[in-house]
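Here is a short briefing to read alongside the model. Have the sequence and the 3D view open as you go.

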Amino acid sequence: MKRELGIARCGLACCLCSENVTCSGCHSGECPDKQWCENLNCSQSRNLDHCYNCSEDCKKGLLKKIKPYAFAQFVKRYGENELLDCLERNEKNGIVYHREGIKGDYDDFDQVEELIEFIKTGQR
Ligand code: SF4
Ligand code: SF4
């Protein structure tokens with residue numbers, strides 16, 4: 001885990017992203033998707049550094065997907081440091097963020113609250 005890369009604007013975990021060998025994270029300007037990313041463009045236009053700092057309960061762009069949405073909800077409740085602590089502990093316990101391509105152990109969920117519980121406990 002590259003903890004210093006933190007969490008992307010949308011809520012994805014740059015610190016655990018398999019692309020983070022060549023991309024230094026959402027705030028580096030190196031993300032291959034920066035031209036079309038709705039969350040990057042929208043949050044910049046609102047002078048917000050992350051969607052988790054936005055007052056809207058929004059499902060634009062990547063927030064349509066359960067992983068960034070639940071991660072952003074987690075940060076709204078408990079803070080980014082707590083999310084990074086949980087991700088770090090879970091990684092040490094064998095939970096894989098990107099197992100195949102961009103899918104991993106945090107993607108196999110339908111319910112936001114179940115995913116938030118999994119982040120907290122590492123158990124399902
Ligand atoms: S590709 Fe996207 S999620 Fe991955 S490290 Fe770069 S900005 Fe973060
Ligand atoms: S409106 Fe949605 S995309 Fe825009 S900053 Fe807020 S949460 Fe992010």
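Leu83 touches Ile7, Phe71, Phe74, Val75, Tyr78 and Ile119, leaving aside residues up to four places away in sequence; touching here means contact, with C-beta atoms, placed from the backbone, within 7 Å. This is a predicted model, in which local features need pLDDT of at least 70, side-chain atom pairs count only at pLDDT 80 or more, and totals for chains, interfaces and linings use all residues. Residues are numbered from 1 along each chain as its sequence is written, while chains are lettered from A and ligands numbered from 1 in the order in which they are written.

**The nonpolar core**

- Leu83 is one of five residues, with Ala13, Cys14, Phe71 and Ala72, that touch the most other members of the largest nonpolar core, which has 30 residues.
- Such a core is a set of buried Ala, Val, Leu, Ile, Met, Phe, Trp, Tyr and Cys residues joined through C-beta atoms within 7 Å.
- Two or more residues of this core come from each of α2 (66-78), α3 and α4 (112-121), and α2 gives the most, with 6 residues.
- In soluble globular proteins, nonpolar side chains tend to be buried together.

**Helix α2 and what follows**

- α2 has 13 residues and spans 18 Å from its first C-alpha to its last, close to the 18 Å expected at 1.5 Å a residue (the expected span is 1.5 Å times one less than the number of residues).
- Its buried residues are Lys67, Pro68, Tyr69, Ala70, Phe71, Ala72, Phe74 and Val75.
- A residue is buried if 20 or more other C-beta atoms, placed from the backbone, lie within 10 Å of its own, exposed if 12 or fewer, and partly exposed in between.
- The cover over the buried residues of α2 includes α3 and α4.
- Just after α2, Gly79 takes a positive phi of about 95°.

**Overall fold**

- The protein chain has 4 helices and 0 strands, where helices (H or I, at least four residues) and strands (E, at least two) are DSSP runs numbered from the N terminus.
- The radius of gyration of the protein chain is 13 Å, close to the 14 Å that the globule rule gives for 124 residues, so the chain is as compact as a globular protein of that length.
- That radius is taken over C-alpha atoms, and the rule is 2.2 Å times the number of residues to the power 0.38.
- Buried residues make up 32% of the 124 residues.
- Among contacts with a separation of 6 or more, 52% join residues 24 or more positions apart.

**Two spots to look at**

- Asp85 lies in helix α3 (residues 80-92) and counts as partly exposed because it has 13 C-beta neighbours inside 10 Å.
- Asp85 and Lys120 are 35 residues apart in sequence and 9.4 Å apart in space, C-alpha to C-alpha.
- Asn47, in the loop between α1 (38-45) and α2, has a positive phi of about 55° although it is not a glycine.
- Asn47 counts as exposed, because it has 7 C-beta neighbours inside 10 Å.

**Ligand surroundings**

- Around ligand 1 are Ala8, Leu12, Cys14, Cys17, Glu19, Asn20, Cys23, Gly25, Cys26 and Cys31, each with its C-beta atom, placed from the backbone, within 6 Å of the ligand.
- Ligand 2 is surrounded by residues including Asn39, Cys42, Arg46, Cys51, Cys54, Cys58 and Lys60.

Key: Contact = placed C-beta atoms within 7 Å.
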